[in-house]
Amino acid sequence: MTGPSAADDRTASEHHRRLPVEQPATPTSTAWRPVRASETGLNGRAARLLTSDPTDDAGWPADLPAGTTEVVIVEETVSPTATLKVRTNGDAAPKTARVRFDQLAVRDESARG
């Protein structure tokens, strides 16, 4: 049988086997994603700043060295003031500051390594 009804006889799995599957350009498990307000288990996780001018909950500039792009989170959860305490890492003396959670991104747990 040919025509439109012939395609209806295929099972869903046969149909999907014939379609090409597009793969993402980069694995999503290693991509940075914004921190969620309800997220837990953040202590010790590396984070990337999503802005060049991070601020605290009142909008004051976070006291981080100029050019800081990555920090380490030093709290388990987002505070009631919507901030996280972070620490710089690297060769210089560590500096801590409070940064709004929505200005930070982390990698998923499976990407840690």
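Modeller: Contact, as I use the word here, means heavy atoms within 4.5 Å of each other. The model we are looking at is predicted.

Colleague: Which elements does the protein contain, and in what order do they run from the N terminus on?

Modeller: There are two helices and six strands in the protein. Reading from the N terminus on, the order of these elements is α-α-β-β-β-β-β-β.

Colleague: In what order do the strands of the open sheet stand?

Modeller: The pairings give it piece by piece. β1, residues 32-34, pairs with β6 over three bridges, and two bridges join β2 to β6. Further along, β3 pairs with β4 over three bridges, and β4 with β5 over five bridges. The open sheet has six strands with antiparallel pairing, in the order β1-β6-β2-β3-β4-β5.

Colleague: Which strands stand at the edges?

Modeller: Take the order of the open sheet, β1-β6-β2-β3-β4-β5. An edge strand has a single partner strand, so one side of it is left without a neighbour in the sheet; this applies to β1 and β5.

Colleague: What does the twist average from one strand to the next?

Modeller: The sheet in question is the open one of six strands with antiparallel pairing. From one strand to the next, its twist averages 45 degrees.

Colleague: Which residue in β5 stands opposite leucine 84?

Modeller: β4 and β5 run antiparallel and share five bridges. Across that pairing, valine 86 stands opposite alanine 97. Leucine 84 stands opposite valine 99.

Colleague: Which residues of the largest nonpolar core touch the most other members?

Modeller: In general, nonpolar side chains of soluble globular proteins tend to be buried together. Here the largest nonpolar core has 17 residues, and those that touch the most other members are Val35, Leu64, Ile73, Leu84, Val86, Val99 and Leu104.

Colleague: Which strands each supply at least two residues of this core?

Modeller: Look at the core of 17 residues that includes Val35 and Leu104. At least two of its residues come from each of β2 (46-49), β3 (70-73), β4 (83-88), β5 (96-100) and β6 (104-107).

Colleague: Which residues does leucine 104 touch, not counting those up to four places away in sequence?

Modeller: Leucine 104 is one of the core residues that touch the most other members. With residues up to four places away in sequence set aside, leucine 104 touches Arg33, Pro34, Val35, Ala47, Arg48, Leu49, Leu50, Val71, Leu84, Val86 and Val99.

Colleague: Is threonine 83 buried or exposed?

Modeller: Threonine 83 lies in strand β4. Its contacts beyond four places in sequence are Asp56, Asp57, Glu75, Val78, Arg98, Val99, Arg100 and Phe101. The cut-off for buried is under 20% relative accessible area. The relative accessible area of threonine 83 is 0%, so this residue is buried.

Colleague: The side chain of which residue does threonine 83 join in a polar contact of 3.1 Å?

Modeller: The residues that threonine 83 touches include Arg98, Val99 and Arg100. The polar contact of 3.1 Å joins the side chain of threonine 83 to that of arginine 98.

Colleague: What is the phi of alanine 82?

Modeller: Alanine 82 lies in the loop between β3 and β4. This residue is buried, with a relative accessible area of 17%. Although alanine 82 is not a glycine, its phi is positive, at about 65 degrees.

Colleague: How far does the backbone oxygen of proline 65 lie from a polar atom of the side chain of threonine 68?

Modeller: Threonine 68 sits in the loop between β2 and β3. At 18% relative accessibility, threonine 68 counts as buried. From a polar atom of its side chain to the backbone oxygen of proline 65, the distance is 2.6 Å.

Colleague: Leaving aside neighbours within four places in sequence, which residues are in contact with threonine 68?

Modeller: One of them belongs to a bridge pair: threonine 88, in β4, is the bridge partner of valine 71. Once neighbours within four places in sequence are left aside, threonine 68 is in contact with Leu49 and Thr88.

Definitions and conventions
Residues are numbered from 1 along each chain as its sequence is written. This is a predicted model: local features need pLDDT of at least 70, side-chain atom pairs count only at pLDDT 80 or more; totals for chains, interfaces and linings use all residues. Side-chain values use heavy atoms; hydrogens and water are left out. A nonpolar core is a set of buried Ala, Val, Leu, Ile, Met, Phe, Trp, Tyr and Cys residues joined through side-chain atoms within 4.5 Å. Buried means under 20% relative accessible area, exposed over 50%, partly exposed in between (1.4 Å probe, protein chains only). Helices (H or I, at least four residues) and strands (E, at least two) are DSSP runs, numbered from the N terminus. A polar contact is a pair of N or O atoms within 3.5 Å; within protein, one must be able to donate a hydrogen and the other to accept it, and residues adjacent in sequence count only if both atoms are side-chain atoms. Two strands pair if DSSP finds at least two bridges between them. Axes are lines fitted to C-alpha atoms, for helices over the stretch in contact, and angles run from 0 to 180 degrees between N-to-C directions.
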